[in-house]
Amino acid sequence: MHEMSLAEGVLQIIEDAARSQGFTKVKTVFLEIGQLASVEVEAMRFCFDVVLNGSIAEGAKLEIVSLPGSGWCMKCATTVPIVEQYGACPQCGSYQVQPVGGTEMRVKELEVE
Amino acid sequence: MCTTCGCGTGEVKIEGQEAHVHEDGTAHSHVPHEHATEVGKKYRHVHETHQHAHEDHEHSHEHPHDHDHLHFGLGAAHSHVPGMTQARMVQIERDILSKNNDYAAQNRALFEKRGILALNLVSSPGSGKTTLLVRSIIELKQSIPLAVIEGDQQTLNDAERIRATGAPAIQINTGKGCHLDAHMVGQALLKIPLPDESLLFIENVGNLVCPSAFDLGEAYKVAILSVTEGEDKPLKYPDMFHAARLMLLNKCDLLPYLNFDVALAEENARRVNPSIEIIRVSATTGEGLADWLAWIAREREAIAAERQENMQALKHGMANLEDNLAAVQG
(Lines give C-alpha, C1' and ligand atoms only; values in the text may rest on other atoms or scores of the structure.)
Protein backbone atom coordinates (compact mmCIF):
# COMPACT_ATOMS: atom_id res chain seq x y z
CA MET A 1 0.00 0.00 0.00
CA HIS A 2 2.50 2.70 0.94
CA GLU A 3 5.68 0.74 1.07
CA MET A 4 7.86 3.80 0.49
CA SER A 5 6.66 5.42 3.69
CA LEU A 6 7.09 2.14 5.52
CA ALA A 7 10.66 1.80 4.24
CA GLU A 8 11.35 5.34 5.46
CA GLY A 9 9.89 4.36 8.82
CA VAL A 10 12.36 1.48 8.94
CA LEU A 11 15.25 3.83 8.16
CA GLN A 12 14.19 6.20 10.96
CA ILE A 13 14.12 3.32 13.40
CA ILE A 14 17.58 2.20 12.24
CA GLU A 15 18.98 5.72 12.64
CA ASP A 16 17.46 6.05 16.12
CA ALA A 17 18.99 2.72 17.10
CA ALA A 18 22.38 3.68 15.60
CA ARG A 19 22.49 6.76 17.83
CA SER A 20 21.48 4.94 20.98
CA GLN A 21 23.44 1.71 20.37
CA GLY A 22 26.50 3.17 18.67
CA PHE A 23 26.86 1.11 15.52
CA THR A 24 27.96 2.40 12.15
CA LYS A 25 26.99 -0.32 9.69
CA VAL A 26 23.88 -2.40 9.28
CA LYS A 27 24.34 -5.76 7.56
CA THR A 28 20.89 -7.27 7.87
CA VAL A 29 17.46 -5.93 8.74
CA PHE A 30 14.88 -8.37 10.09
CA LEU A 31 11.26 -7.36 9.68
CA GLU A 32 8.12 -9.11 10.83
CA ILE A 33 5.22 -8.51 8.50
CA GLY A 34 1.82 -10.00 9.20
CA GLN A 35 -0.14 -11.58 6.39
CA LEU A 36 -3.02 -9.19 7.11
CA ALA A 37 -0.85 -6.07 7.15
CA SER A 38 -1.58 -5.04 3.53
CA VAL A 39 2.12 -4.92 2.72
CA GLU A 40 3.38 -6.06 -0.65
CA VAL A 41 6.64 -7.77 0.18
CA GLU A 42 8.13 -7.30 -3.29
CA ALA A 43 7.27 -3.59 -3.26
CA MET A 44 8.76 -3.36 0.22
CA ARG A 45 12.03 -4.91 -0.99
CA PHE A 46 12.25 -2.46 -3.85
CA CYS A 47 11.55 0.56 -1.67
CA PHE A 48 13.92 -0.69 0.98
CA ASP A 49 16.86 -0.70 -1.44
CA VAL A 50 16.00 2.78 -2.66
CA VAL A 51 15.48 4.36 0.74
CA LEU A 52 18.52 2.83 2.40
CA ASN A 53 20.86 4.00 -0.34
CA GLY A 54 23.36 6.44 1.14
CA SER A 55 22.45 5.54 4.71
CA ILE A 56 24.31 3.42 7.24
CA ALA A 57 22.18 0.53 6.08
CA GLU A 58 23.07 0.84 2.40
CA GLY A 59 23.34 -2.61 0.88
CA ALA A 60 21.86 -4.31 3.93
CA LYS A 61 20.06 -7.59 3.42
CA LEU A 62 16.37 -7.58 4.13
CA GLU A 63 14.91 -10.60 5.87
CA ILE A 64 11.15 -10.63 6.09
CA VAL A 65 9.43 -13.00 8.48
CA SER A 66 5.81 -13.50 7.53
CA LEU A 67 3.43 -13.93 10.46
CA PRO A 68 0.21 -15.87 9.92
CA GLY A 69 -3.18 -14.21 10.22
CA SER A 70 -5.58 -15.19 12.96
CA GLY A 71 -8.88 -13.80 14.13
CA TRP A 72 -11.39 -14.13 16.96
CA CYS A 73 -14.74 -15.32 15.66
CA MET A 74 -17.57 -13.93 17.79
CA LYS A 75 -19.97 -16.69 16.82
CA CYS A 76 -17.58 -19.60 17.32
CA ALA A 77 -16.01 -17.84 20.31
CA THR A 78 -12.63 -19.14 19.28
CA THR A 79 -9.49 -18.11 17.43
CA VAL A 80 -9.47 -19.15 13.80
CA PRO A 81 -6.82 -18.88 11.07
CA ILE A 82 -7.70 -16.24 8.47
CA VAL A 83 -5.92 -15.26 5.29
CA GLU A 84 -7.60 -11.90 4.63
CA GLN A 85 -8.87 -9.09 6.83
CA TYR A 86 -12.64 -8.76 6.96
CA GLY A 87 -12.94 -12.25 5.51
CA ALA A 88 -15.40 -14.88 6.69
CA CYS A 89 -14.76 -17.35 9.50
CA PRO A 90 -13.49 -20.63 7.96
CA GLN A 91 -15.64 -22.58 10.45
CA CYS A 92 -19.05 -20.87 10.45
CA GLY A 93 -18.90 -18.35 7.56
CA SER A 94 -19.68 -15.37 9.81
CA TYR A 95 -18.06 -12.02 9.05
CA GLN A 96 -17.84 -11.13 12.72
CA VAL A 97 -14.17 -11.96 12.91
CA GLN A 98 -11.80 -9.61 14.70
CA PRO A 99 -8.17 -9.94 13.54
CA VAL A 100 -5.93 -10.75 16.50
CA GLY A 101 -2.70 -11.72 14.75
CA GLY A 102 -1.03 -11.05 11.43
CA THR A 103 -1.43 -7.26 11.29
CA GLU A 104 2.09 -6.62 12.58
CA MET A 105 4.63 -4.43 10.78
CA ARG A 106 7.67 -4.48 12.99
CA VAL A 107 11.43 -4.06 12.88
CA LYS A 108 12.43 -7.15 14.82
CA GLU A 109 16.21 -6.88 15.00
CA LEU A 110 19.31 -5.70 13.19
CA GLU A 111 22.62 -7.35 12.48
CA VAL A 112 25.15 -4.55 12.89
CA GLU A 113 28.83 -3.87 13.25
CA MET B 1 8.88 5.21 -5.12
CA CYS B 2 6.14 2.91 -4.05
CA THR B 3 5.47 0.34 -6.72
CA THR B 4 1.88 -0.03 -5.64
CA CYS B 5 0.56 3.48 -5.42
CA GLY B 6 3.25 5.92 -6.48
CA CYS B 7 3.80 7.10 -2.95
CA GLY B 8 7.01 8.82 -2.04
CA THR B 9 8.26 11.87 -0.23
CA GLY B 10 10.64 14.72 -0.72
CA GLU B 11 8.22 17.10 -2.38
CA VAL B 12 5.98 18.02 0.49
CA LYS B 13 4.96 21.67 0.44
CA ILE B 14 3.04 23.47 3.10
CA GLU B 15 1.76 26.90 2.22
CA GLY B 16 4.07 29.56 3.60
CA GLN B 17 7.10 27.31 3.55
CA GLU B 18 8.69 28.11 0.24
CA ALA B 19 11.22 26.11 -1.70
CA HIS B 20 14.49 27.72 -2.72
CA VAL B 21 17.12 27.15 -5.33
CA HIS B 22 20.83 26.81 -4.66
CA GLU B 23 23.63 28.16 -6.84
CA ASP B 24 24.19 24.80 -8.46
CA GLY B 25 20.58 24.77 -9.50
CA THR B 26 19.31 22.17 -7.07
CA ALA B 27 16.06 23.17 -5.50
CA HIS B 28 14.57 21.92 -2.34
CA SER B 29 12.25 23.21 0.29
CA HIS B 30 12.83 23.29 3.96
CA VAL B 31 9.54 21.79 4.77
CA PRO B 32 8.99 19.55 7.57
CA HIS B 33 11.47 16.87 7.63
CA GLU B 34 11.31 15.41 11.01
CA HIS B 35 15.03 15.55 11.22
CA ALA B 36 17.11 18.37 12.37
CA THR B 37 20.28 19.65 10.82
CA GLU B 38 22.69 16.80 11.41
CA VAL B 39 20.51 14.22 9.75
CA GLY B 40 19.27 16.68 7.19
CA LYS B 41 22.21 16.13 4.88
CA LYS B 42 21.71 12.45 4.81
CA TYR B 43 18.09 12.87 3.95
CA ARG B 44 18.86 15.07 1.03
CA HIS B 45 20.95 12.30 -0.43
CA VAL B 46 18.16 9.90 0.13
CA HIS B 47 15.80 12.12 -1.74
CA GLU B 48 18.13 12.48 -4.64
CA THR B 49 18.23 8.74 -4.78
CA HIS B 50 14.47 8.68 -4.92
CA GLN B 51 14.59 10.65 -8.10
CA HIS B 52 16.87 8.12 -9.74
CA ALA B 53 14.81 5.29 -8.50
CA HIS B 54 11.74 6.92 -9.91
CA GLU B 55 13.28 7.11 -13.34
CA ASP B 56 14.20 3.47 -13.06
CA HIS B 57 10.83 2.59 -11.78
CA GLU B 58 9.90 0.31 -14.63
CA HIS B 59 12.87 -1.88 -13.95
CA SER B 60 11.82 -2.55 -10.43
CA HIS B 61 10.06 -5.76 -11.13
CA GLU B 62 13.10 -7.19 -12.82
CA HIS B 63 15.23 -6.37 -9.86
CA PRO B 64 16.80 -9.64 -8.78
CA HIS B 65 15.73 -10.54 -5.30
CA ASP B 66 17.50 -12.93 -3.09
CA HIS B 67 14.96 -15.67 -2.71
CA ASP B 68 17.03 -18.07 -0.69
CA HIS B 69 15.63 -16.45 2.41
CA LEU B 70 12.01 -17.05 1.64
CA HIS B 71 11.72 -19.63 4.35
CA PHE B 72 13.65 -17.63 6.81
CA GLY B 73 12.20 -17.80 10.25
CA LEU B 74 11.50 -21.49 10.09
CA GLY B 75 15.06 -22.45 10.90
CA ALA B 76 17.74 -21.52 13.34
CA ALA B 77 18.64 -18.39 11.38
CA HIS B 78 15.75 -16.61 13.02
CA SER B 79 17.99 -15.14 15.66
CA HIS B 80 21.50 -16.24 14.75
CA VAL B 81 23.36 -15.46 11.60
CA PRO B 82 26.02 -17.96 10.57
CA GLY B 83 29.52 -16.62 10.20
CA MET B 84 28.87 -13.73 12.54
CA THR B 85 32.20 -12.13 13.41
CA GLN B 86 32.33 -8.56 14.60
CA ALA B 87 28.69 -8.24 13.82
CA ARG B 88 26.14 -8.31 16.60
CA MET B 89 22.41 -8.49 16.79
CA VAL B 90 20.43 -5.53 18.08
CA GLN B 91 16.90 -6.20 19.25
CA ILE B 92 14.55 -3.48 18.06
CA GLU B 93 10.94 -4.68 18.29
CA ARG B 94 9.52 -1.39 17.06
CA ASP B 95 6.47 -0.90 14.94
CA ILE B 96 7.39 0.50 11.54
CA LEU B 97 4.75 3.20 11.88
CA SER B 98 5.88 4.13 15.39
CA LYS B 99 7.40 7.42 14.26
CA ASN B 100 4.15 8.52 12.65
CA ASN B 101 2.24 7.30 15.68
CA ASP B 102 4.47 9.37 17.97
CA TYR B 103 3.66 12.51 15.99
CA ALA B 104 -0.02 11.56 15.94
CA ALA B 105 0.04 11.24 19.72
CA GLN B 106 1.49 14.75 19.98
CA ASN B 107 -1.26 16.13 17.74
CA ARG B 108 -3.91 14.23 19.69
CA ALA B 109 -2.58 15.56 23.02
CA LEU B 110 -2.79 19.10 21.64
CA PHE B 111 -6.37 18.56 20.46
CA GLU B 112 -7.40 17.06 23.79
CA LYS B 113 -5.76 19.76 25.83
CA ARG B 114 -7.56 22.46 23.89
CA GLY B 115 -10.87 20.70 23.37
CA ILE B 116 -10.56 20.65 19.58
CA LEU B 117 -12.58 18.16 17.55
CA ALA B 118 -10.36 17.02 14.66
CA LEU B 119 -11.96 15.02 11.86
CA ASN B 120 -9.94 13.29 9.14
CA LEU B 121 -12.04 13.22 5.98
CA VAL B 122 -11.12 10.38 3.66
CA SER B 123 -12.51 9.22 0.33
CA SER B 124 -11.62 8.48 -3.25
CA PRO B 125 -11.04 11.49 -5.53
CA GLY B 126 -14.27 13.04 -6.76
CA SER B 127 -16.57 11.89 -3.96
CA GLY B 128 -17.52 15.51 -3.25
CA LYS B 129 -15.44 15.97 -0.10
CA THR B 130 -14.58 19.59 -0.74
CA THR B 131 -18.08 20.55 -1.85
CA LEU B 132 -19.51 18.91 1.25
CA LEU B 133 -16.94 20.68 3.36
CA VAL B 134 -17.71 24.07 1.83
CA ARG B 135 -21.42 23.54 2.41
CA SER B 136 -20.84 22.42 6.01
CA ILE B 137 -18.59 25.38 6.74
CA ILE B 138 -21.17 27.84 5.44
CA GLU B 139 -23.68 26.34 7.88
CA LEU B 140 -21.27 26.19 10.82
CA LYS B 141 -19.00 29.19 10.59
CA GLN B 142 -21.33 31.63 12.35
CA SER B 143 -21.62 29.47 15.43
CA ILE B 144 -18.36 27.51 15.66
CA PRO B 145 -14.70 28.49 15.35
CA LEU B 146 -13.27 26.19 12.69
CA ALA B 147 -10.32 25.68 10.37
CA VAL B 148 -9.34 23.36 7.56
CA ILE B 149 -6.15 21.55 6.60
CA GLU B 150 -6.30 20.53 2.94
CA GLY B 151 -4.20 17.69 1.59
CA ASP B 152 -3.67 17.24 -2.13
CA GLN B 153 -0.84 16.02 -4.25
CA GLN B 154 -0.65 19.34 -6.11
CA THR B 155 -2.39 22.74 -6.40
CA LEU B 156 -3.78 25.19 -3.87
CA ASN B 157 -7.27 24.93 -5.37
CA ASP B 158 -9.04 23.29 -2.47
CA ALA B 159 -7.64 25.62 0.17
CA GLU B 160 -8.74 28.54 -2.00
CA ARG B 161 -12.26 27.09 -2.23
CA ILE B 162 -12.36 26.81 1.54
CA ARG B 163 -10.97 30.31 2.09
CA ALA B 164 -13.68 31.68 -0.19
CA THR B 165 -16.13 30.75 2.58
CA GLY B 166 -14.19 32.96 4.99
CA ALA B 167 -12.80 30.03 6.98
CA PRO B 168 -9.04 29.78 7.54
CA ALA B 169 -7.43 26.99 5.52
CA ILE B 170 -3.93 25.78 4.84
CA GLN B 171 -2.91 23.58 1.94
CA ILE B 172 -0.43 20.74 2.21
CA ASN B 173 0.88 19.43 -1.10
CA THR B 174 2.22 15.96 -0.62
CA GLY B 175 4.19 15.96 -3.89
CA LYS B 176 4.74 12.31 -4.64
CA GLY B 177 3.06 11.24 -1.42
CA CYS B 178 -0.29 9.50 -1.46
CA HIS B 179 -1.45 10.43 2.04
CA LEU B 180 -1.04 12.99 4.79
CA ASP B 181 1.05 11.92 7.74
CA ALA B 182 0.98 13.13 11.32
CA HIS B 183 4.14 15.18 10.97
CA MET B 184 2.77 17.18 8.03
CA VAL B 185 -0.37 17.90 10.04
CA GLY B 186 1.71 18.91 13.06
CA GLN B 187 3.59 21.42 10.89
CA ALA B 188 0.36 22.78 9.44
CA LEU B 189 -1.07 23.20 12.94
CA LEU B 190 1.70 25.70 13.69
CA LYS B 191 0.49 27.88 10.83
CA ILE B 192 -3.24 27.94 11.31
CA PRO B 193 -5.27 29.83 13.91
CA LEU B 194 -7.09 27.29 16.02
CA PRO B 195 -8.97 28.60 19.06
CA ASP B 196 -9.83 26.37 22.02
CA GLU B 197 -12.89 24.17 21.46
CA SER B 198 -12.80 24.73 17.72
CA LEU B 199 -13.49 22.29 14.91
CA LEU B 200 -10.69 21.13 12.63
CA PHE B 201 -11.41 19.41 9.34
CA ILE B 202 -8.45 17.62 7.80
CA GLU B 203 -9.28 16.79 4.21
CA ASN B 204 -6.96 13.96 3.31
CA VAL B 205 -5.60 13.16 -0.13
CA GLY B 206 -8.27 11.49 -2.28
CA ASN B 207 -7.18 7.88 -1.85
CA LEU B 208 -9.02 4.98 -0.27
CA VAL B 209 -5.93 2.93 0.46
CA CYS B 210 -2.98 4.61 2.11
CA PRO B 211 -4.53 7.22 4.43
CA SER B 212 -6.18 4.43 6.40
CA ALA B 213 -2.87 3.40 7.94
CA PHE B 214 -1.68 6.85 8.96
CA ASP B 215 -3.07 8.18 12.20
CA LEU B 216 -3.01 11.99 12.16
CA GLY B 217 -4.11 12.37 15.76
CA GLU B 218 -7.72 12.97 14.73
CA ALA B 219 -10.68 12.02 16.90
CA TYR B 220 -12.29 10.13 14.02
CA LYS B 221 -11.93 9.34 10.38
CA VAL B 222 -15.01 10.18 8.35
CA ALA B 223 -15.24 8.25 5.08
CA ILE B 224 -17.20 9.80 2.25
CA LEU B 225 -18.67 7.49 -0.36
CA SER B 226 -20.67 8.95 -3.23
CA VAL B 227 -23.54 7.13 -4.92
CA THR B 228 -21.86 7.55 -8.29
CA GLU B 229 -19.29 5.01 -7.11
CA GLY B 230 -19.93 1.29 -6.64
CA GLU B 231 -21.82 -0.24 -3.73
CA ASP B 232 -18.90 -2.61 -3.25
CA LYS B 233 -16.31 0.09 -2.49
CA PRO B 234 -16.32 -0.79 1.23
CA LEU B 235 -15.46 -4.38 0.29
CA LYS B 236 -12.84 -3.33 -2.25
CA TYR B 237 -11.16 -0.91 0.16
CA PRO B 238 -12.00 -2.42 3.53
CA ASP B 239 -9.14 -0.86 5.52
CA MET B 240 -10.54 2.61 5.08
CA PHE B 241 -14.13 1.79 5.97
CA HIS B 242 -12.91 -0.29 8.88
CA ALA B 243 -10.93 2.67 10.22
CA ALA B 244 -13.79 5.17 9.85
CA ARG B 245 -16.24 6.01 12.61
CA LEU B 246 -18.78 7.59 10.26
CA MET B 247 -19.62 7.09 6.60
CA LEU B 248 -21.28 9.92 4.72
CA LEU B 249 -23.12 8.63 1.67
CA ASN B 250 -22.91 11.68 -0.57
CA LYS B 251 -24.67 12.83 -3.78
CA CYS B 252 -27.93 11.19 -2.66
CA ASP B 253 -29.84 13.71 -4.80
CA LEU B 254 -28.65 11.69 -7.83
CA LEU B 255 -30.19 8.40 -6.64
CA PRO B 256 -33.27 8.65 -8.92
CA TYR B 257 -30.96 8.59 -11.96
CA LEU B 258 -28.71 5.73 -10.85
CA ASN B 259 -28.90 2.01 -10.21
CA PHE B 260 -27.20 2.42 -6.85
CA ASP B 261 -28.43 0.07 -4.12
CA VAL B 262 -28.16 2.14 -0.94
CA ALA B 263 -29.06 -0.74 1.38
CA LEU B 264 -26.37 -2.93 -0.19
CA ALA B 265 -23.72 -0.21 0.12
CA GLU B 266 -24.58 0.24 3.78
CA GLU B 267 -24.59 -3.49 4.39
CA ASN B 268 -21.15 -3.75 2.81
CA ALA B 269 -19.82 -0.94 5.02
CA ARG B 270 -21.20 -2.69 8.11
CA ARG B 271 -19.69 -5.97 7.02
CA VAL B 272 -16.16 -4.54 7.28
CA ASN B 273 -17.05 -2.33 10.24
CA PRO B 274 -20.10 -3.43 12.26
CA SER B 275 -20.05 -0.27 14.40
CA ILE B 276 -19.80 2.31 11.59
CA GLU B 277 -22.40 5.09 11.66
CA ILE B 278 -23.93 6.10 8.33
CA ILE B 279 -25.60 9.34 7.25
CA ARG B 280 -27.06 9.90 3.77
CA VAL B 281 -26.35 13.41 2.51
CA SER B 282 -26.33 15.60 -0.55
CA ALA B 283 -23.95 18.53 -0.55
CA THR B 284 -25.93 19.98 -3.47
CA THR B 285 -29.48 19.95 -2.09
CA GLY B 286 -28.57 19.97 1.60
CA GLU B 287 -30.39 16.68 2.23
CA GLY B 288 -29.15 14.99 5.40
CA LEU B 289 -26.91 17.93 6.20
CA ALA B 290 -28.76 18.60 9.46
CA ASP B 291 -27.96 15.04 10.63
CA TRP B 292 -24.29 15.46 9.80
CA LEU B 293 -24.13 18.81 11.60
CA ALA B 294 -25.93 17.29 14.59
CA TRP B 295 -23.35 14.49 14.65
CA ILE B 296 -20.57 17.11 14.75
CA ALA B 297 -22.38 19.03 17.51
CA ARG B 298 -22.76 15.86 19.57
CA GLU B 299 -19.07 15.01 19.28
CA ARG B 300 -18.04 18.57 20.13
CA GLU B 301 -20.22 18.52 23.22
CA ALA B 302 -18.66 15.24 24.34
CA ILE B 303 -15.18 16.71 23.95
CA ALA B 304 -16.10 19.94 25.72
CA ALA B 305 -17.68 17.99 28.60
CA GLU B 306 -14.57 15.86 28.96
CA ARG B 307 -12.36 18.94 28.97
CA GLN B 308 -14.49 20.60 31.65
CA GLU B 309 -14.26 17.45 33.71
CA ASN B 310 -10.47 17.38 33.38
CA MET B 311 -10.23 21.05 34.34
CA GLN B 312 -12.46 20.52 37.36
CA ALA B 313 -10.30 17.60 38.46
CA LEU B 314 -7.16 19.74 38.09
CA LYS B 315 -8.73 22.64 40.01
CA HIS B 316 -9.79 20.26 42.71
CA GLY B 317 -6.25 18.87 42.90
CA MET B 318 -4.84 22.39 43.05
CA ALA B 319 -7.20 23.35 45.88
CA ASN B 320 -6.06 20.28 47.81
CA LEU B 321 -2.41 21.21 47.30
CA GLU B 322 -3.09 24.75 48.48
CA ASP B 323 -4.79 23.37 51.59
CA ASN B 324 -1.76 21.17 52.22
CA LEU B 325 0.58 24.13 51.73
CA ALA B 326 -1.48 26.24 54.12
CA ALA B 327 -1.35 23.45 56.70
CA VAL B 328 2.44 23.16 56.39
CA GLN B 329 2.90 26.92 56.64
CA GLY B 330 0.68 26.73 59.70
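Colleague: Helix H2 (residues 41-52) of chain A: how many residues has it, and how far does it reach from its first C-alpha to its last?

Modeller: First, the general idea. A helix is a DSSP run of H or I of at least four residues, a strand a run of E of at least two, and both are numbered from the N terminus. The expected span of a helix is 1.5 Å times one less than its number of residues. Now the case: H2(A) has 12 residues and reaches 16 Å, close to the 16 Å expected.

Colleague: What kind of model is this, and how is it numbered?

Modeller: It is a predicted model, where local features need pLDDT of at least 70, side-chain atom pairs count only at pLDDT 80 or more, and totals for chains, interfaces and linings use all residues. Residues are numbered from 1 along each chain as its sequence is written, chains are lettered from A and ligands numbered from 1 in the order in which they are written, and side-chain values use heavy atoms, with hydrogens and water left out.

Colleague: Is H2(A) largely enclosed or open, and why?

Modeller: Start with the term. Buried means under 20% relative accessible area, exposed means over 50%, and partly exposed lies in between (1.4 Å probe, protein chains only). In H2(A), nine of the 12 residues are buried, so the helix is largely enclosed by the rest of the structure. Among the buried residues are Phe46(A), Cys47(A) and Phe48(A). Arg45(A) is also on that list.

Colleague: What comes just after H2(A)?

Modeller: Gly54(A), with a positive phi of about 85°. The general rule: most residues other than glycine have a negative phi. Ser38(A) is not a glycine, yet its phi is positive, at about 55°. Look for Ser38(A) in the loop between S1 and H2 of chain A. Ser38(A) has 30% relative accessibility, so it counts as partly exposed.

Colleague: Which residue of chain B has a positive phi although it is not a glycine?

Modeller: Glu197(B), again at about 55°. This residue sits in the loop between H5 and S8 of chain B. Glu197(B) is partly exposed, at 24% relative accessible area.

Colleague: Now the strands. In what order do the three strands of the open sheet in chain A stand?

Modeller: Pairing comes first: two strands pair if DSSP finds at least two bridges between them. Here the order is S4-S3-S5, and the pairing is antiparallel. Strand S4 (78-81) and strand S5 (97-101) are the edge strands, since each pairs on one side only. Neighbouring strands are turned by 40° against each other on average, direction ignored. Such angles lie between N-to-C directions and run from 0 to 180 degrees; axes are lines fitted to C-alpha atoms, for helices over the stretch in contact.

Colleague: Over how many bridges do strand S3 (residues 70-73) and S4(A) pair?

Modeller: Four, in the antiparallel sense. Find Gly71(A); Val80(A) in S4(A) stands opposite.

Colleague: How many helices and strands has chain A?

Modeller: Two helices and six strands. They run α-β-α-β-β-β-β-β from the N terminus on. Chain A has a radius of 17 Å, well over the 13 Å that the rule gives for 113 residues, so it is more spread out than a compact globule. Its C-alpha atoms fill a box of roughly 50 × 25 × 15 Å along the principal axes. Of its 113 residues, 61% count as buried.

Notes:
The radius of gyration is taken over C-alpha atoms; the globule rule is 2.2 Å times the number of residues to the power 0.38.
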